[in-house]
Amino acid sequence: MKKQKLAVIFAALLTMVGFSSCLNGENDPTVYPQELMKVNGIAGYYTFTSAYGYTITPLNMSALSDLSLGSYAIVQYSYDSSLLEWNESKDVTIQNVVGIKEGGTVSQAPGDNAGNAPLYAISSSMAQPMYFDKYNLFIPVTYYYKSSSDKDDLQAELNSHSFVLYYNPNETEAIDGKLLLRLRHKVTDTEAKREDYGTEYRHFDITNILSAYSSVHGASMPEKIVIEFEKSQSSSYDKVASEKVEIDYKSLFEETSTNK
């Protein structure tokens, strides 16, 4: 039977850094925000910048010395809200860090061999597509994987999955002000038996796609983004169905000067 691990991220990818309980007394001013943040620096010298512009610096930097991160991460941290404002740069205690892997983008229609593995979903009540700014899109991909009790084997399996967003400038949906992106998923070993599924965010830099859309359609930005993907109730690629998820775009960014 399939086992669903529908957290925002696979447990195997979650790095615990000195976790402490959030169940404090009512008068405790300690708060525990969790944010999508841009990663600055290198292992042992990380800082994290919010989409709102402020930067947090870990007080427990040594706990992150062995952590290898990409450009973005989901970060949970704590600080004393009686002394510090939520939107100011500050020194904090890092609780959890989840690195986010990169996805690719191609400004053309997907070919017949663009994908070889279906997805279970790309949106749920627990995890939905989101932006850091108007150029950086994050999609929660729920995909089938081969579980293993061996940490290294599991990591190798998770690393064998890749994702690419394809954009065809001539897609007819652009007539309605919609930018249609086709998400394709590939695995290196198509013969592996994958019965579990779980969710993790992937990052897609859509700068070039937006530029191509603007050049072809003469609009600075689309009204909405539509993400089409191949879905199946099993890991088999034989019986896939095309599904779409639509998300707002222009209403979020057209009057937000900080995201220009």
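**Aromatic pairs in a predicted model**

Of the 260 residues of the chain, 45% count as buried, where buried means under 20% relative accessible area, exposed over 50% and partly exposed in between, with a 1.4 Å probe and protein chains only. This is a predicted model, in which local features need pLDDT of at least 70 and side-chain atom pairs count only at pLDDT 80 or more, while totals for chains, interfaces and linings use all residues. Residues are numbered from 1 along each chain as its sequence is written, and side-chain values use heavy atoms, with hydrogens and water left out.

**View 1. Tyr-52 and Trp-86 form an edge-to-face pair.** A search of the whole structure finds 13 aromatic pairs (rings of Phe, Tyr and Trp, the last by its six-membered ring, with centres within 6.5 Å; planes under 30 degrees apart are stacked, over 60 edge-to-face and the rest tilted). In this one, the ring centres of Tyr-52 and Trp-86 are 5.3 Å apart and the planes stand at 90°. Tyr-52 is exposed, at 63% relative accessible area, whereas Trp-86 is partly exposed, at 44%.

**View 2. Tyr-72 and Phe-138 form an edge-to-face pair.** Their centres are 5.0 Å apart, with 75° between the planes, and both residues are buried.

**View 3. Lys-90 places its charged end over the ring of Tyr-54 and over that of Tyr-79.** The distance to the ring centre is 4.4 Å for Tyr-54 and 4.9 Å for Tyr-79; a charge sits over a ring if NZ of Lys or CZ of Arg is within 6 Å of the ring centre and within 35 degrees of the ring normal. Tyr-54 also belongs to a cluster in which ring pairs link Tyr-52, Tyr-54 and Trp-86.
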